[in-house]
Amino acid sequence: MVPLSFKEIGQRLRDIHLPQVDLVIGIGSGGIVPASMVAFHLKCELIIITLNYRDENNAPRYDEPIVLKGLPENCDLDHVKILLVDDVSVSGKTMNQALKALQAPNIETFAMKGKADYVLFPDIKDCVKWPWK
């Protein structure tokens with residue numbers, strides 16, 4: 001397991017080139033802290049949606065991720081540049097389900113590790129001990 005500190009994560013956030021966006025959408029629960037850090041770094045608004053796919057032992061709980069809490073009512077994403085954030089995206093199932101649920105025309109993805117348009121730690125393949133857990 002690879003331990004990471006807030007200091008290391010903060011430094012990577014300062015070094016990575018992220019797109020200018022209007023809104024960060026975090027995937028809860030694992031993506032809440034990363035999305036908060038990214039929204040603060042980009043100086044933009046944050047919304048959290050909640051999806052669930054895996055249980056506490058990281059085993060799939062459902063056939064596909066399910067949306068537990070979506071966007072607030074009357075949330076129009078048609079002309080908003082969005083960065084969708086999660087902590088880890090290995091299979092991509094949760095990220096893809098979130099993209100499908102959001103149906104936003106201008107959205108890119110970000111993960112601390114794994115597969116996304118922007119990956120903060122692309123070099124880490126092992127499990128990570130996040131400083132917030």
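Predicted model: local features only at pLDDT ≥ 70, side-chain atom pairs only at ≥ 80, totals over all residues.
Colleague: How many residues apart are the two partners, Arg12 and Asp123?

Modeller: Arg12 sits in helix α1, while Asp123 is in the loop between β7 (118–119) and β8. That makes it a link between distant parts of the chain, with a separation of 111 residues.

Colleague: Is Asp123 buried or exposed?

Modeller: The line for exposed is drawn at over 50% relative accessible area. Arg12, at 29%, is partly exposed. Asp123 comes in at 52%, so Asp123 counts as exposed.

Colleague: Which residue meets Arg61 in a salt bridge?

Modeller: The rule gives two salt bridges, and Arg61 belongs to one of them, at 3.1 Å from N to O. Arg61 is partly exposed at 37%. The partner, exposed at 72%, is Glu56.

Colleague: On to the rings. How many aromatic pairs are there, and how is the Phe6 and Trp132 pair classed?

Modeller: The count comes to two aromatic pairs. For Phe6 and Trp132 the centres are 5.9 Å apart and the planes make 45 degrees. Stacked needs under 30 degrees and edge-to-face over 60, so that pair is classed as tilted.

Colleague: Which parts does that pair tie together, and how far apart are they in sequence?

Modeller: Phe6 belongs to helix α1 (residues 6–15), and Trp132 to the segment after β8 (128–129). The pair therefore ties together parts whose separation in sequence is 126 residues.

Colleague: Trp130 and Trp132 form the other kind of pair: what is the angle between the planes?

Modeller: Their centres lie 5.2 Å apart, and the pair is stacked. Stacked requires under 30 degrees, and the angle between the planes of Trp130 and Trp132 is 10 degrees.

Colleague: Ring pairs link which residues into a cluster?

Modeller: Trp130 is buried, at 4% relative accessibility, whereas Phe6 is partly exposed at 41%. The cluster linked by ring pairs is Phe6, Trp130 and Trp132.

Colleague: How far is Leu4 from Pro131, C-alpha to C-alpha?

Modeller: Leu4 is in the loop between β1 (2–3) and α1, and counts as buried at 9%. Residues touching Leu4 include Phe121, Val128, Trp130 and Pro131. Leu4 and Pro131 are 127 residues apart in sequence, yet in space the C-alpha distance is 6.3 Å.

Colleague: What do the buried residues of α2 pack against?

Modeller: The buried residues of α2 are Pro34, Ala35, Met37, Val38, Ala39 and Leu42. Val38, for one, is in contact with residues including Leu13, Val24, Leu83 and Phe110. As a set, the buried residues of α2 pack against α1, β2 (23–28), β3 (45–52), β5 and β6.

Colleague: What is the C-alpha separation of Leu77 and Asn106?

Modeller: Leu77 lies in the loop between β4 and β5, and at 6% relative accessibility it counts as buried. Its contacts include Leu23, Ile82, Ala104 and Pro105. Leu77 and Asn106 are 29 residues apart along the chain, with their C-alpha atoms separated by 8.2 Å.

Colleague: Last one: which residues make the nonpolar surface patch of about 250 Å²?

Modeller: Patch members need over 30% relative accessible area. Ile66, in strand β4 (residues 66–69), is partly exposed at 31%. The patch is made by Tyr62, Ile66 and Leu68.

Definitions and conventions: Residues numbered from 1 in each chain as written. Heavy atoms only, no water. Phe/Tyr/Trp six-rings, centres within 6.5 Å; stacked < 30°, edge-to-face > 60°. Helix = DSSP H or I, 4+ residues; strand = E, 2+ residues; numbered from the N terminus. Buried < 20%, exposed > 50% of the residue type's maximum accessible area, 1.4 Å probe, protein only. Patch = residues over 30% accessible without salt bridge, like charges linked within 9 Å, V, L, I, M, F, W, Y side chains within 5 Å. Areas by Shrake-Rupley, 256 points an atom, 1.4 Å probe, with all protein chains shown as cover. Salt bridge = Lys/Arg side-chain N within 4 Å of Asp/Glu carboxyl O. Contact = heavy atoms within 4.5 Å. Lists of a residue's contacts leave out its neighbours within four places in sequence.
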